[in-house]
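Morning, everyone. I have one structure to walk through today, so please look at it while I talk.

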Amino acid sequence: MDGGTNRAMIPGVLPASPQAYRDGMAHVAGHVHVITTAGPAGISGFTAIAVASVSDDPPTLLVCLNRKSANGALIERNGVFAVNALPAGAEALAETFAGRRGLTGAERFREGVWTPLATGSPTLDSALVSFDCRVAEMRAMATHHIVIGRVEAVRIGPAGAALAYFDRAYRPIPR
């Protein structure tokens, strides 16, 4: 490709904008998680796709959440969180923790069976895997917080298909 190519003439190329970015990210499949926290600041949770491994030594992962969410302040004050990877069929739970059913805080935990692990954060008994974490670092980046957690406990759950989000819809990923 020569350096003089006009990118505006390439099909599918859009100038970077928040909407173009969201539209592009809709084409990236992501596992659906429920992130929970519990401690002196309270109990709560939210649905997230933006979860990634950072390192296996020491075991570390990251979660991104919108800075407008009250969950960021709770995680920061509690200093702990858990990442629960949802199984296929858990769309209702994902919607509850996404705030689409009008429930907040402890009310969201009425659905599912929850067990605290090392940090006290609730872990979902039916999760494919749960990572119980202590906050190592939290930083603001644009519209979101990046929360880096040191994993203190891992619970491998029942085998099964995973719940993913792709093209703005929930989809099962067969095992």
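Five bridges join strand E4 to strand E5 (residues 59-66), and the two run antiparallel. Two strands count as paired if DSSP finds at least two bridges between them. Helices (H or I, at least four residues) and strands (E, at least two) are DSSP runs, numbered from the N terminus.

A word on the source. This is a predicted model: local features need pLDDT of at least 70, side-chain atom pairs count only at pLDDT 80 or more, and totals for chains, interfaces and linings use all residues. Residues are numbered from 1 along each chain as its sequence is written, and side-chain values use heavy atoms, with hydrogens and water left out.

Back to E4 and E5. Aspartate 56 stands opposite proline 59 in E5. In the loop between E4 and E5 you find proline 58. The peptide bond from aspartate 57 to proline 58 is cis, with omega near 0°. Most peptide bonds are trans.

Now the whole sheet. Seven strands form an open sheet, in the order E3-E2-E6-E9-E10-E5-E4, with antiparallel pairing. Strand E3 (42-48) and strand E4 (51-56) are the edges, each pairing on one side only. From one strand to the next, the twist averages 30°.

What lies across E3? Helix H2 (residues 70-78) does, and H2 also lies across E2, E5, E6, E9 and E10. H2 runs at about 125° to E3. Contact here means heavy atoms within 4.5 Å. Axes are lines fitted to C-alpha atoms, for helices over the stretch in contact, and angles run from 0 to 180 degrees between N-to-C directions.

Next, two loops. Alanine 142 is in the loop between E9 and E10. Alanine 142 has a positive phi of about 55°, although it is not a glycine. Is alanine 142 buried or exposed? At 62% relative accessibility, alanine 142 counts as exposed. Aspartate 167 is in the loop between strand E11 (162-166) and strand E12 (169-173). Aspartate 167 also has a positive phi of about 55°. With a relative accessible area of 41%, aspartate 167 is partly exposed. The cut-offs: buried is under 20% relative accessible area, exposed is over 50%, and partly exposed is in between (1.4 Å probe, protein chains only).

That is the tour. Thanks.
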